[in-house]
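I am opening a notebook page on this chain. I want to see how the inside is packed and how the pieces connect.

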Amino acid sequence: MPSKKNKRKRPERPTIHPKNKYSDNPPDFSVLASLYPSLKPFVFYSRDGRPRIDWTDYNSTRELTRVLLLHDHGLNWWIPDGQLCPTVPNRSNYIHWIEDLLSSDIIPKNNNNGDIVRGFDIGTGANCIYPLLGASLLGWTFVGSDVTDVAVEWAEKNVKCNQHISELIEIRKVTACQSAISIEDSNCGESVNCENKMDGNATVVEEAKLLPSSSFDPPLDMNKYSGPPLLLGVVRDGEKFDFCMCNPPFFETMEEAGLNPKTSCGGTPEEMVCPGGEKAFITRIIEDSVVLKESFRWFTSMVGRKVNLKFLTSKLREVGVTIVKTTEFVQGQTCRWGLAWSFVPPVRKIISPLVQKNSLSFTLEGLQRQFSAFHVLQSIESFFCLGGASCKLNASSFVVDYFLISLDHCLK
């Protein structure tokens, strides 16, 4: 008899975050339309009688976002035509993933600000969705930055329309420069003059101005970010944040951005496009993070293309980060990925006194690439010896045998 072919099991597809409001209770468009008449014209019914939304209609998706933010989060919200319209469940997934990172024991907790969590949203947009969700759901404080006047104006309006959280969010204006500040710039002769200005509404406006340079400008590298400052030049001296987050411009051209016929979320060129696309944009965030490693516990960004994750994680290893984390955000037919990294040394937690196993396995994070596997094994032996254990290294079988006199010698 011919042998049966082994059917490969498909890996389980990631689902909506369990803490997401919509994980067990997705929006009921019919109920929402009955409660909010402004949504009713955008709800239709399929042949099987299910209420639907036309995701290719910008006005439809914008009104749904407005209703969901009001109905489920108590937030007043609006954006003008053409501005990027976020989907609430998808953006909530990102917020809750950061919540998981902050509550984990991967790196030490930051006790300087007590229970106050402070985030930085790179390119918050007119929708200001991440600060609004983070503040309303979890009480986080935020700085949201952006470069266009329209984005800053409407982000401020959306904050001021929600007085119960308005004190938690600051909108910061970034002035577009001829070229963004980079690691190389900080070591060269070209200096940067940054001025802080306060407007009548006590909103801090960051203006970064490059001093005059030579009359000859070399051609732009289309694979390297050359836009306004992202973190370096926007974060002030002495500022500390628990995390930064970003929904980067995924595309290199507006034509590329319009290739998906199934959705219509709007978006201006500043929100959707940059030379080099998201790879160049996130690479600049990585470069900035090297200089600002003491200012943030976690750096994060959303990634639109899985193929870019390999390049970006490789870049992170090159700059010497201690931790890299990735995840997948799934909402409907849309997939996005989350990328997080930190320069904070990870907590070394090897054995718990309650463990009753003879053989233990564990993961070491934060190892530099220049160390060989044998060097790692030697480090493990030294670590246990310093903790009072008796160790014996067997290089041939690649095993470290250790012996504990009592549970008091267990390493935590």
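Predicted model: local features only at pLDDT ≥ 70, side-chain atom pairs only at ≥ 80, totals over all residues.

My entries follow, from the whole chain down to single residues.

**Ground rules.** Residues are numbered from 1 along each chain as its sequence is written, and side-chain values use heavy atoms, with hydrogens and water left out.

**Whole chain.** I looked up the secondary structure and found 10 helices and 13 strands. Helices (H or I, at least four residues) and strands (E, at least two) are DSSP runs, numbered from the N terminus. Next I looked up burial. Of the 412 residues in the chain, 43% are buried. Buried means under 20% relative accessible area, exposed means over 50%, and partly exposed lies in between (1.4 Å probe, protein chains only). Then I looked up contacts, meaning heavy atoms within 4.5 Å. Taking contacts between residues at least 6 apart in sequence, 68% join residues at least 24 apart.

**Nonpolar cores.** Which residues touch the most other members of the largest nonpolar core? I read off Tyr-94, Trp-140, Ile-169, Phe-243, Met-245 and Trp-298, in a core of 51 residues. A nonpolar core here is a set of buried Ala, Val, Leu, Ile, Met, Phe, Trp, Tyr and Cys residues joined through side-chain atoms within 4.5 Å. Helix α3 (residues 88-103) gives this core its largest share, 7 residues. There is also a second, separate core, with 34 residues, including Cys-246, Cys-274, Leu-312 and Cys-335.

I followed up Ile-169. Beyond its neighbours within four places in sequence, Ile-169 contacts Cys-128, Pro-131, Leu-132, Ala-135, Phe-142 and Val-159.

**Helix α3.** I checked its length. The 16 residues of α3 reach 23 Å from first C-alpha to last, close to the expected 22 Å. The expected span is 1.5 Å times one less than the number of residues. In α3, 14 of the 16 residues are buried, so the rest of the structure largely encloses this helix.

Is strand β3 (residues 118-122) mostly covered or mostly open? Mostly covered: 4 of its 5 residues are buried. I then looked for pairing, which needs at least two DSSP bridges between two strands. β3 runs parallel to strand β4 (residues 141-146), joined by 5 bridges. In that pair, Arg-118 stands opposite Thr-141 of β4. Between β3 and β4 the chain passes through helix α4 (residues 129-138), and this β-α-β crossover is right-handed. Right-handed means that, with the strands pointing away from the viewer, the path from the first strand over the helix to the second runs clockwise. β3 also pairs with strand β8 (residues 241-246), in the parallel sense, over 4 bridges. There, Phe-120 stands opposite Cys-244 of β8.

**Cys-128.** I located Cys-128 in the loop between β3 and α4. Its phi is near 50°, a positive value in a residue other than glycine. Cys-128 counts as buried, at 0% relative accessibility.

**Asn-158.** This residue lies in helix α5 (residues 149-160). At 3% relative accessibility, Asn-158 is buried. Beyond four places in sequence, Asn-158 touches Asn-76, Trp-77, Trp-78, Ile-79, Ala-126, Asn-127 and Leu-132. Asn-158 and Leu-132 are 26 residues apart in sequence, with their C-alpha atoms 8.3 Å apart.

**Helix α8.** The 15 residues of helix α8 (residues 277-291) should span 21 Å, and the end C-alpha atoms are 22 Å apart, which agrees. Why is α8 largely enclosed by the rest of the structure? Because 12 of its 15 residues are buried. Among them are Phe-281, Arg-284, Glu-287 and Asp-288. The buried residues of α8 pack against β3, β8, β9 (296-303), α9 (307-318) and β11 (334-342).

**Asn-308.** I found Asn-308 in helix α9. Asn-308 is buried, with a relative accessible area of 9%. Setting aside residues up to four places away, Asn-308 touches Glu-278, Lys-279 and Val-303.

**Disulfides.** How many disulfides are there, taking a pair of cysteine sulfur atoms within 2.5 Å as one? I counted 0. For Cys-265, the nearest cysteine sulfur is that of Cys-85, 7.5 Å away. Cys-265 is partly exposed, at 30% relative accessibility.

Notes
Disulfide = S-S within 2.5 Å.
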